[in-house]
Amino acid sequence: MQKHIYNPNPEFSKNAAIPSMEAYWELQNRALEDYEGFWQGFADEKIDWLAPYDTVLDESDAPFYKWFTKGKLNVSNQCIDRHLSDKADKTAILFEGDRGEVEKISYLQLSQRVNKMANLLKNEFGIEKGDRVVLYMPMIPEAAYAMLACTRIGAVHSIVFGGFSSAALKDRIEDAQAKIVITADGAYRKGKPYLLKGVVDEALSRGGECVEAVLVVKRNNEEIEWVEGRDHNYNALITAQSDDCPFEPMDSEDPLFLLYTSGSTGKPKGVQHSTAGYILWAQMTTEWVFDVKEDDIFWCTADVGWITGHTYIVYGPLAAGTTTVMFEGVPTYPDAGRAWKMVQDHKITQFYTAPTAIRVLHKMGKDEPENYDLSSLKVLGTVGEPIDPTAWQWYYEKVGHSKCAIVDTWWQTETGGHIITPLPGATPIKPGCATFPLPGIMTEILSYEGVPKEADEPGLLCITKPWPSMLRNIWGDPERYKKAYFGDVSKEGRPVYFSGDGAVADKEGYITIVGRVDDVINVSGHRMGTAEIEAVVKEDDAVAEVAVVGCPHEIKGESIFIYIVLKEGHINKDIKNHINALLASEIGNIAKADHIIEVPGLPKTRSGKIMRRILRSIAKGEAITQDISTLEDPSIVKEIETTAREA
Ligand code: WTA
């Protein structure tokens with residue numbers, strides 16, 4: 001079916017950073033003709049270099065690519081100091097608390113607070129360049145101060161999303177060998193205080209011997225446990241710090257941060273990002289894709305614990321010198337108009353969120369946007385999962401009043417910033433389509449043999465040239481880096497980056513993301529490895545075998561569906577609750593399953609491989625079309641189908 005095309009708003013295009021498809025192609029052709037020259041031009045224009053680089057792209061140790069080698073810079077300078085001459089009084093961070101209080105933090109205040117925190121880390125805790133700092137923080141400005149303070153002194157932060165359990169936190173602390181954990185007593189959600197620090201206590205009681213200190217921001221002053229000698233009160237210590245902490249000149253390739261994410265096998269991987277390449281692309285994509293202008297108020301609703309929060313709450317907007325909104329609460333409290341009220345109150349110009357949030361807001365308050373003045377909005381964005389036509393249409397018409405482009409941005413923790421997305425002033429949009437790669441990004445849809453797919457033929461979404469903001473490594477595991485990202489697809493004898501996603505391009509080159517083709521599932525935009533979930537379920541004594549698949553879900557996009565085979569002689573009436581409790585404690589509440597069904601066996605090939613495709617079809621309630629005659633026991637499929645239907 002021919003999809004309706006939504007052309008950019010001509011009024012908007014007039015002043016857009018990339019105002020037309022001609023301008024897009026002009027840039028992309030420049031990159032095609034002279035790839036390094038293209039990136040050199042932007043690196044020179046955008047980055048405040050402290051010392052020049054000597055090579056744009058060093059491919060000598062591929063796939064361990066290096067960008068802008070020998071260059072020196074500092075990300076906190078790029079995000080703060082260099083703006084002070086003309087933006088000292090401009091709001092850098094606009095914070096709104098769960099209970100509605102608003103704090104506007106100017107670039108000058110941000111500078112003072114980041115400098116103080118950098119001094120605190122350096123002088124009180126001996127944190128040095130290269131040390132790892134784990135953040136387990138709520139959505140409060142101190143999270144951003146801590147990130148920027150780390151970059152100022154060259155420490156490497158690793159943020160662990162506040163929804164992860166103590167066991168998941170402990171694993172990440174240990175893998176990174178962090179010296180300090182920065183956390184808060186708690187924060188507010190839905191009008192009530194909640195606690196966070198206890199999770200850190202529990203994580204450190206289970207291990208994490210590398211941690212010498214815990215720095216606690218007092219947010220809600222609830223009663224918390226205190227370990228003398230280990231725990232330190234941020235609010236008390238910060239006042240005595242000087243607000244002058246010279247920034248460390250960092251090498252372009254020095255690690256900037258780690259962020260753990262799930263893969264198709266084993267434990268979560270510590271995705272390692274670099275300094276220069278990352279910040280360059282964070283800034284450029286904020287300028288191109290959100291088209292931020294001097295007086296804009298930019299709101300990305302993600303949590304700082306995910307890559308979207310890193311790149312589009314903190315680093316991108318601040319490097320671009322804009323005002324970034326940080327919100328502690330949830331968009332449905334006190335009612336489904338909260339987000340729209342915030343847009344109205346703060347005159348928000350760009351609003352960037354996940355399809356799950358759009359579906360929730362649509363479901364809870366279809367007409368709610370009508371009650372607010374949303375005329376300040378210029379660009380709407382989505383990220384993290386495919387957006388369905390109903391949600392897209394509602395977002396476009398009710399929220400954007402049919403005048404704002406929706407940028408459906410496809411990217412990953414590993415890519416650092418946007419990869420495939422419409423440009424709001426240029427791209428004619430087909431709903432549900434991520435459209436085209438950004439200028440400078442070379443994507444191809446390939447087969448496992450590295451052969452390009454024809455139009456309308458789905459294939460593997462690959463990025464065939466290294467790009468500045470790509471991950472550099474998996475922390476402590478270079479072999480896994482090579483295997484996980486460059487081990488599956490080669491083109492003309494050269495390994496290329498494979499994203500794990502399937503995609504299809506139509507005859508006009510519009511790219512639609514089909515979803516993961518590996519064993520990763522995406523629940524409300526959160527990535528989870530089925531292997532990781534299976535490993536936890538196997539800890540249950542009654543479980544002999546387990547297989548985890550994703551199942552379509554109206555709101556969450558996908559939900560977790562678990563098949564278990566019990567050990568002989570084991571009956572456990574409460575097994576479902578038990579497994580979900582285990583998942584909550586080992587990973588976090590986001591890993592709880594919607595469906596857990598007990599089956600007599602799993603469909604396996606004669607060599608013992610579980611046929612997940614069959615299990616996926618059953619979870620979706622689809623008819624089995626694949627050939628099951630080669631299974632060890634074909635009759636098992638019928639039995640599983642019957643059990644699933646009854647459950
Ligand atoms: C999925 C989030 C469809 C995809 C920035 C990818 C998307 C994974 C989109 C990365 C989109 C992200 N349309 N699917 N616009 N954006 N995805 O690392 O499967 O948390 O591989 O990064 O989310 O998730 P991650």
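Which strand does Phe257 lie in? Phe257 belongs to strand 14, residues 255–261; helices (H or I, at least four residues) and strands (E, at least two) are DSSP runs, numbered from the N terminus. This is a predicted model in which local features need pLDDT of at least 70 and side-chain atom pairs count only at pLDDT 80 or more, while totals for chains, interfaces and linings use all residues. Residues are numbered from 1 along each chain as its sequence is written, and side-chain values use heavy atoms, with hydrogens and water left out.

- Phe257 is buried, with a relative accessible area of 0%; buried means under 20% relative accessible area, exposed over 50%, and partly exposed in between (1.4 Å probe, protein chains only).
- Not counting residues up to four places away in sequence, Phe257 touches Val156, His157, Val271, Gln272, His273, Tyr278, Ile307, His310 and Tyr315; contact means heavy atoms within 4.5 Å.
- The C-alpha atoms of Phe257 and Val537 are separated by 31 Å, and the two residues are 280 residues apart along the chain.
- Arg612 is part of helix 19 (residues 612–620), and its relative accessibility of 17% counts as buried.
- Leaving aside neighbours within four places in sequence, Arg612 is in contact with Asp519, Thr530, Glu534, Ala547, Val548 and Val549.

**Helix 9**

- In helix 9 (residues 197–206), the buried residues are Lys197, Val200, Asp201, Ala203 and Leu204.
- They lie on the same side of helix 9, because they cover an arc of only 165° around the axis; the arc is that of the directions from the helix axis to the C-beta atoms.
- The cover over these buried residues includes helix 8 (166–176), strand 6 (132–136), strand 8 (180–184), strand 10 (192–195), strand 11 (213–217) and strand 12 (231–233).

**Helix pairs**

- Two packed helices are described by the angle between their axes and the distance between the axes.
- Helix 2 (residues 21–33) packs against helix 3 (residues 35–46) at an angle of about 120°, and their axes are 5 Å apart; axes are lines fitted to C-alpha atoms, for helices over the stretch in contact, and angles run from 0 to 180 degrees between N-to-C directions.
- Helix 2 is therefore oblique to helix 3; angles under 35 degrees count as roughly parallel, over 145 as roughly antiparallel, 65 to 115 as roughly perpendicular and the rest as oblique.
- Leu27, Arg30, Ala31 and Glu33 of helix 2 make the contact with Tyr35, Phe38 and Phe42 of helix 3.
- Helix 17 (residues 530–537) and helix 18 (residues 575–586) pack at about 120°, with axes 9 Å apart, and are oblique to each other.
- Ile533, Val536 and Val537 in helix 17 meet Ile579, Leu582, Leu583 and Glu586 in helix 18.

**Backbone features**

- Most residues other than glycine have a negative phi, and most peptide bonds are trans.
- Asp291, in the loop between helix 11 (276–289) and strand 16 (297–300), has a positive phi near 55° and is buried at 3% relative accessible area.
- Asp456, in the loop between strand 21 (443–446) and strand 22 (459–463), has a positive phi near 70° and is partly exposed at 45%.
- The peptide bond from Ala62 to Pro63 is cis, with omega near 0°.
- The peptide bond from Tyr333 to Pro334 is also cis, with omega near 0°.

**Cysteines**

- The structure holds zero disulfides, a disulfide being a pair of cysteine sulfur atoms within 2.5 Å.
- The sulfur of Cys245 is 11 Å from the closest cysteine sulfur, in Cys150, too far for a bond.
- Cys245 is buried, with a relative accessible area of 0%.
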